[in-house]
Amino acid sequence: MNILDKIVADKYIEVALKQSLIPVKQLEASVLFDSPTTSLATALKASKTGIIAEHKRRSPSKSIINQNVNVWDVAQHYADAGVAGMSVLTDSKYFGGSLEDLLLARSSTHLPLLRKEFIIDEYQLIEAKAHGADVILLIAAILTRDKIKALSEFAKSLNLDVLLEVHNKEELDKSLMPSLDMLGVNNRNLKTFEVSTAISKELSEHIPDDFVKVSESGISSIEAIKDLKQYGYEGFLIGENFMKTDDPGSSATEFIKKLAL
Ligand SMILES: O=C(O)c1ccccc1NCC(=O)[C@H](O)[C@H](O)COP(=O)(O)O
């Protein structure tokens, strides 16, 4: 079993348990559930930098990245830095995140917030909305086309933006549909952890123009972003490069200053 298979197998157990403990009605009673959302796709199109900065404590590929920062501060400082959106990892077992992190980020900033999760069930979309998300991630490698359709259409009915993530042409071909807002190419192979922006470049010509293109993972230089922009990318998801420092917000500020030069 590769790491992605393990994460997903655990996720099925976790979601079933949560469904038995926290009914949908309770989630729908949250004030945030009926609150308006902000589109990340629109923010990216208007943004000069296109940076989506991530809150990521640890990961299967890098182990501990940063256990010392406070998500509320990180969200404030990312917003001050001028990022277009923020991604919050909510998986606890493999990434040390939680839905509380999402809630804290929501209470700290008006930035569009992406719930970075391994979504396998509509229940997680209701959770996302109830905890302040504006955007959800769907990973093509772990979903069938029918499931992508059902989940993305349900997300749209909740006014959530949808970022669909692929890592190869096959995943892209099976996933294209009108209920997606953004097409993300993950530069990290989630099964082997190999990272290369070459895959973003390779797949760019196959992504129709109706979708905002996002390049995800392994981005740590201004040059990489300038290069990816030539291939039509308008969004750049960056986690470790900011989170590995003592002050992720300041790192994002410095990065964005250089990008603007
Ligand atoms: O980051 C991992 O090790 C990982 C392993 C298995 C599944 C997902 C994983 N990461 C999720 C992400 O896609 C990244 O957190 C995100 O794109 C930011 O990547 P980076 O800038 O390289 O931290």
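## Surroundings of the ligand

In this predicted model, the shell around the ligand holds 18 residues, of which Ser59, Ser61, Ser217, Gly239 and Glu240 come nearest; a residue counts as near if its C-beta atom, placed from the backbone, lies within 6 Å of the molecule. Strand E10 (235-238) and helix H11 (240-243) are the elements that give two or more residues to this shell, where helices (H or I, at least four residues) and strands (E, at least two) are DSSP runs numbered from the N terminus.

By residue class, the shell divides into 6 nonpolar, 7 polar and 5 charged residues. Here Ala, Val, Leu, Ile, Met, Phe, Trp, Tyr, Cys and Pro count as nonpolar, Asp, Glu, Lys and Arg as charged, and the others, Gly among them, as polar.

## Basis of the model

Residues are numbered from 1 along each chain as its sequence is written. Because the model is predicted, local features need pLDDT of at least 70 and side-chain atom pairs count only at pLDDT 80 or more, whereas totals for chains, interfaces and linings use all residues.

## The barrel

Strand E10 also belongs to a barrel that 8 strands close in the order E1-E4-E5-E6-E7-E8-E9-E10, with parallel pairing; two strands pair if DSSP finds at least two bridges between them. From one strand to the next, the twist averages 25 degrees.

## Packing around helix H4

Helix H4 (residues 71-81) packs against helix H12 (residues 248-260) at an angle of about 10 degrees, with the axes 8 Å apart; axes are lines fitted to C-alpha atoms, for helices over the stretch in contact, and angles run from 0 to 180 degrees between N-to-C directions. H4 and H12 are therefore roughly parallel to each other, since angles under 35 degrees count as roughly parallel, over 145 as roughly antiparallel, 65 to 115 as roughly perpendicular and the rest as oblique.

With helix H5 (residues 99-108), H4 packs at an angle of about 45 degrees, the axes being 8 Å apart, and this pair is therefore oblique.
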